[in-house]
Amino acid sequence: MLSSYRQIFAAPGSLAFSATGLVSRLPISMVGVGVVTMFSELRGSYGLAGAVTAVLALASAGIGPQVSRLVDRYGQRRVVRPATAVSVLGSALLLLAAWRGWPAWTYFPCAVAMGALGSTGPLVRARWAHLYRNDQAKLHTAYALEAVVDEIVFIVGPILSICLATSFFPEAGVLLATLFGAVGVALFTAQRSTEPPPHPVARASGGSVLRVPGLRVLIATFVAIGMIFSSVEVVTVAYAREQGHGSAASLVLAVYALGSGVAGVVVGVLHPSGPAARRFRNGVGLMAVTLTPLSLVAAWCTGTVGLVAAGATLFLSGMAISPTMITATGLTERLVPAAQLTEGMSWTTTGIAIGVAGGSYLAGSVVDAAGVAAGYRVPLAAGVFALLLAAAGGRWLRTESPAAAPAPAAVAP
């Protein structure tokens, strides 16, 4: 099994950019739950916490594709470092505002600035595609590896964020996430030898990547999937606090990510066969079905038993995540032109971010109004909606795409 993963690291510099990409991605799993924990501790409102998280996610959704479009045109280092500086400044101001008890409206401009960081996941995957575009077996394994890295991020990040915020001071989780983002991006962009060449001429003359119908299907489905992720996060934090074990929320969420990580490792070695569109639909369906017991667990189980039952349910649901995401990444790589790959992958991340925004706000509001058991119906409804979207748009995911054409030559800036 491990030999398949060792082979992809034969390329010089591949281990360095993948490892630094892991560090730079930690904020995506730490900031949301960190903001929820911080404001629930400081202000006692999950609604406010969800609203700030929603604005942050929407800002990432709006800014991320624009940053990625510039990356395709000018290169990763020249674009991502200034964007990260803006995000770090916004995070510092949010921490100051929370610490000093500034009015609630001041949190939202800070959250908008924080959205400039986005996710470095598409940047890492673009480097793998640059290395192994002509070796689909290795590229599949590389995408599987990055899906597993994502899950490591979502195992470690919430644990760090929640434990620091509940054990030291409420702002600690967001503070550490900011440091990881700044240092991780600096180290990642320092890896110049593996950076994909920019495509200024091709990018300037090409149309919007959103013209690809299959990509639009993926984005829409990812909006619903993002709602699953964020609503599970918010409601689980509330459920753990309701049971008197607030810090245990990080462990329950880590189990959710662990299930996905285990499945991702296996899929990276097996190289599943069959139409990718069908595998994507089946993965989304499994994700939805396995969320069904959560409301029952929250309604009927209390204390440690309830948290263990929620963790077991989320572990099973998590096992559908990585296979679905790996398939979606492969579909994106085939659907969009090579000169717009970073932008295309960023749009799928944007879909998740939009869903995260809606899911955070909706779940927080439902928990405040109707309790935790009702809150767990939010991710279930989002899962059903994701399945309907994937099924309805399947024919566009099977369509031949312009990615099959030779990529235009890169032109140095």
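This talk walks through salt bridges, surface patches and a few distances in one structure.

Some ground rules. This is a predicted model, where local features need pLDDT of at least 70, side-chain atom pairs count only at pLDDT 80 or more, and totals for chains, interfaces and linings use all residues. Residues are numbered from 1 along each chain as its sequence is written, and side-chain values use heavy atoms, with hydrogens and water left out.

Let's start with charge pairs. Side chains of opposite charge can pair when their charged atoms come close. How many salt bridges does the rule give? The count is two. The rule asks for a side-chain nitrogen of Lys or Arg within 4 Å of a carboxyl oxygen of Asp or Glu.

Take R25 and E146. Their side chains form a salt bridge at 2.4 Å, N to O. R25 sits in helix α2, residues 14–42, and E146 in helix α7, residues 136–167, so the pair ties together parts that are 121 residues apart in sequence. A word on helices: they are DSSP runs of H or I, at least four residues, numbered from the N terminus. Are R25 and E146 buried or exposed? R25 is buried, and E146 is buried as well. Buried means under 20% relative accessible area, exposed means over 50%, and partly exposed lies in between, with a 1.4 Å probe and protein chains only.

Now R192 and E195. Here the salt bridge is 3.5 Å, N to O. E195 counts as buried because its relative accessibility is 15%.

On to the surface. Patch members have over 30% relative accessible area and no salt bridge; like charges are joined within 9 Å, and nonpolar side chains (Val, Leu, Ile, Met, Phe, Trp, Tyr) within 5 Å. Areas come from the Shrake-Rupley method with a 1.4 Å probe, and for residues only the protein chains shown count as cover.

Which residues form the nonpolar patch? They are L258, V262, V266, L270, L316 and M319, with about 500 Å² of accessible area together. Helix α11, residues 248–270, gives the largest share, four residues. V262 is in helix α11. It is partly exposed, because its relative accessibility is 38%.

There is a positive patch too. R278, R281, R395 and R398 make it up. Lys and Arg count as positive, Asp and Glu as negative, and His and the chain ends are left out. The charge is placed at NZ of Lys, CZ of Arg, CG of Asp or CD of Glu.

Next, T290. Find it in the loop between α12 and α13 (294–300). T290 counts as buried, because its relative accessibility is 16%. The T290 side chain makes a polar contact of 3.2 Å with the side chain of S317. Such a contact is a pair of N or O atoms within 3.5 Å; within protein, one must be able to donate a hydrogen and the other to accept it, and residues adjacent in sequence count only if both atoms are side-chain atoms.

Two more distances to finish. L362 is in helix α16, residues 341–370. At 38% relative accessibility, L362 is partly exposed. L362 and A51 are 311 residues apart along the chain, yet their C-alpha atoms are separated by 8.9 Å.

H199 is in the loop between α8 (172–189) and α9 (200–205). With 13% relative accessibility, H199 is buried. H199 and N282 are 83 residues apart in sequence and 35 Å apart in space, C-alpha to C-alpha.

Terms used: Helix = DSSP H or I, 4+ residues; strand = E, 2+ residues; numbered from the N terminus.
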